Amino acid sequence: MTKPAIAIDVQDAKRLFTQSAGAFAGTRVVRAVDGVSLQVREGSCFGIVGESGCGKSTLARLIMGLLPLSSGDILVDGQRLSAMDRKARARLIQPVFQDPFSSLNPRHSIADLVGLPLTAQGIAGRERGTRVAEMLERVGLPGAIANRQPAQLSGGQRQRVAIARALVLRPRIVVCDEPTSALDVSVQAQILNLLADLQAEFGLTYVFISHNLAVVEHVCDEVAVMYLGRIVEHAPTAELFETPTHPYTKALLASVLTPEPGLGIPDVGLGDAYPDPANIPTGCRFHPRCPAGQPPCITETPAPRFGAGRMVECLLAPPPSTASVSPV
Amino acid sequence: MNLRRLFALLGLLIVGSTAIIAVFAPYLTPHDPFLQNLDGRMAAPFWLEGTVPGHLFGTDQLGRDYLSRLIYGARISLLIGTLVVICSGLIGTSLGVLGGYFGGRIDAVVMFVITCRLAIPLILVALTVVSFVGSSFTVVVLTLGLLLWERFAVVARTTTMQVRNLDYVAAAQASGASTWHILLREILPNIAHHLVVVATLEMALAILLEAALSFLGLGVPSPLPSWGLMISEAKDYMYFSPWVIMIPGVALFVLVLGINLLGDGLRDWLGAARDA
């Protein structure tokens, strides 16, 4: 069997924001994404999890080309993202956003919303109409909805519209930034199933960003755990959930077992001293909250350790090859 | 019906009827507003002694029918208000949207231009312009139109900044839409309701400023029946015939009040329509 092709190759991506700290205090630098490397295989679903503020949405915007990189590189389908023009990028990669109430312009009809990517490519008239109607039907919306405004639709219907818009150009990659967390629980499962069906039908590659571990476990092939702008652990989903190695991953997984799983941001049981991305701790960036922290963690920056298809960035973790039970 | 809606309807009524009167002025005026009759000067309006039949609001110091001049004056006020708002709205909205959308250096330049504009004294500029090129309708419209855009710019800039961070703008960018499309089709329709309110305020201000400029002799030139000019010409007679200054003054007050009431109403109504 040949190895599947790499759809997205993120190489040491960094994105810094400069913030004014007040009139006389000068500026401070927020390291939102601070050296992320990952590879997404063609046709897979790659999950990125982490608390809010860990940089996962910034990473999503970098992968979609909506934000320029501060340094590093992102290759999509072998081409540098920064070298592609907006239209070429649109044909390759499309987003589905978290909140369908803010991702659909309230002033446009559904047909115009779904047809926008086509219009931008210069496709108009009857062909545009046919393709919009086809796509609406495919995501399970009645054709009569095309002339409505977003305000007349429910949250689940709106998210279907957003998905139709993302797929109308038949892109190969879809970046889903918390696509279900703004929806009712009853609708979440429908949208997840729809996303799974569409992946199978069109051979899509998903980058799936979520703070909801239950959802990630359900839909993703691989998961990366993000903390303060870096990926601290990365493994195939089943292995990550069975044998979490990084103390942060363990804490996140423990939080799933709380009585209210997946409702809002999980309480990770690490206190609420969420560190400031403008003032990243020395050594291991997780050490102020780490339950297993040792003295070297304060000074020594852990290097990523690879093995058995996994990666972990922790001084205390055993080498991944021994932690992994599955044969390579 | 609550009081706010009542006021808004009152504003709509005032502005609407003034607009209709202005449009159909030639059919509504009993006399030619430019026709002088030196025998029939300073006839009193109908509610005073010494009124002359056929001249409802009397006549002015040259015997011209005051009602006809008032009606033609509505035309000038509304025309100036509309043209100034179109001109300043285009300038201010373009600057504000560009600054708000692109941010960074472009925004810094826009802010600088706005600050510069705020430092320019309007009346002094108008005085200078008129003394150089002479007063005319076009000069008044251009002077006000090129100077009254700062509120449009400020409001367009801040509202654009709010809208540009919404996901639908990111979605349009990811859809491959051009910047031009994003500015005109995604952002502008979503800030338009704020701009409409600014437009009513600016229109009222433009009408008042035109009256002020005409009063100072810097506005529309003499035979034209501008309300400001009517007040200016009447001021010599106000001790013996106070109505010559009162009638155009009340007309000006009512129209500006009506426009402001309409603006308040539009803000409530458009805001409610968005939240629905």
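Q: What makes A:Gln157, A:Val161 and A:Ala164, among others in helix 5 of chain A, count as buried?
A: Burial is a neighbour count: a residue is buried if 20 or more other C-beta atoms lie within 10 Å of its own, exposed if 12 or fewer, and partly exposed in between, with C-beta atoms placed from the backbone. The buried set in helix 5 of chain A also includes A:Arg158, A:Arg160 and A:Leu167. Bear in mind that this is a predicted model, in which local features need pLDDT of at least 70, side-chain atom pairs count only at pLDDT 80 or more, and totals for chains, interfaces and linings use all residues. Residues are numbered from 1 along each chain as its sequence is written, while chains are lettered from A and ligands numbered from 1 in the order in which they are written.

Q: Why is helix 5 of chain A called largely enclosed?
A: Because eleven of its 13 residues are buried. They pack against parts of chain A, including strand 6 (93–96) and helix 3 (110–120), together with helix 8 of chain B.

Q: What makes residues 155–167 of chain A a helix?
A: Helices are DSSP runs of H or I with at least four residues, strands are E runs of at least two, and both are numbered from the N terminus. Helix 5 has 13 residues, so it qualifies. It reaches 18 Å from first C-alpha to last, close to the 18 Å expected, where the expected span is 1.5 Å times one less than the number of residues.

Q: Why is A:Leu66 called partly exposed?
A: Because it has 17 other C-beta atoms within 10 Å, a count that falls in between the two cut-offs. A:Leu66 sits in the loop between helix 1 (56–63) and strand 4 of chain A.

Q: What does A:Leu66 touch, not counting residues up to four places away in sequence?
A: A:Arg61, B:Ala170, B:Gln173 and B:Ala174; contact requires C-beta atoms, placed from the backbone, within 7 Å. Overall, 15 residues from chain B meet 21 residues from chain A, and helix 8 of chain B gives the most to its side, with seven residues.

Q: How do you know that strand 1 and strand 4 of chain A pair?
A: Pairing needs at least two DSSP bridges between two strands. Strand 1 (residues 6–20) and strand 4 (residues 71–76) share five, in the antiparallel sense, so they pair. One of the bridges joins A:Lys14 to A:Ser71.

Definitions and conventions: Contact = placed C-beta atoms within 7 Å.
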